[in-house]
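Dear colleague,

Please find below the structure that I am handing over to you. My findings follow it.

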Amino acid sequence: YRSYVVLLALFLGKIFQLTGRFKPAIEAFDKVLAGAGGSLKPVWDAVAQFHAGNCLDMLSDRPAALARYNLVLKSGVAYEGLQEKVKQCLASPYAAR
């Protein structure tokens, strides 16, 4: 049950992000970080940190975005090319692609 709540928060965060509602998206991604995710918790945490970093870049808060990206890099999680994506965002701010 709890892992479904984490996935729902991740999904909602992504919807908020795609619709330009960056602050609610960050709140949803932070709920993922606070929740239980079972054996996939490190993956969900890294994905949530990455997307929160994207939102922070869109809000022009580069220092906070960099902090989130560095957490993803340190996690070593490579789900769906995440390490390469985070390296791109560390090199230059995320812009909706």
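Leaving aside its neighbours within four places in sequence, with which residues is Gln17 in contact? They are Phe22, Ala25, Phe29, His51, Asn54, Cys55 and Tyr94, where contact means heavy atoms within 4.5 Å. Gln17 is found in helix 1, which covers residues 2-18, and counts as buried at 6% relative accessibility. Here buried means under 20% relative accessible area, exposed means over 50%, and partly exposed lies in between (1.4 Å probe, protein chains only).

Two notes on conventions are needed. This is a predicted model, in which local features need pLDDT of at least 70 and side-chain atom pairs count only at pLDDT 80 or more, while totals for chains, interfaces and linings use all residues. Residues are numbered from 1 along each chain as its sequence is written, and side-chain values use heavy atoms, with hydrogens and water left out.

Overall fold

The protein has five helices and zero strands, in the order α-α-α-α-α from the N terminus. Helices (H or I, at least four residues) and strands (E, at least two) are DSSP runs, numbered from the N terminus. The radius of gyration is 12 Å, close to the 13 Å that the globule rule gives for 97 residues, so the protein is as compact as a globular protein of that length. That radius is taken over C-alpha atoms, and the rule is 2.2 Å times the number of residues to the power 0.38. Along its principal axes, the C-alpha trace spans about 35 × 30 × 20 Å.

Of the 97 residues, 39% count as buried. Among contacts between residues at least 6 apart in sequence, 50% join residues at least 24 apart. The protein exposes about 5,600 Å², of which carbon and sulfur atoms supply 62%; accessible areas come from the Shrake-Rupley method with a 1.4 Å probe, and for residues only the protein chains shown count as cover.

In helix 5 (residues 82-91), the residues Leu82, Gln83, Val86 and Cys89 are buried. Seen down the axis of helix 5, its buried residues fall within an arc of 125 degrees, so they line one face of the helix; the arc is that of the directions from the helix axis to the C-beta atoms. Their cover includes helix 3 (41-58) and helix 4 (62-75).

Asn70 lies in helix 4 and is partly exposed, with a relative accessible area of 31%. Asn70 and Gly53 are 17 residues apart in sequence and 9.5 Å apart in space, C-alpha to C-alpha.

Yours sincerely
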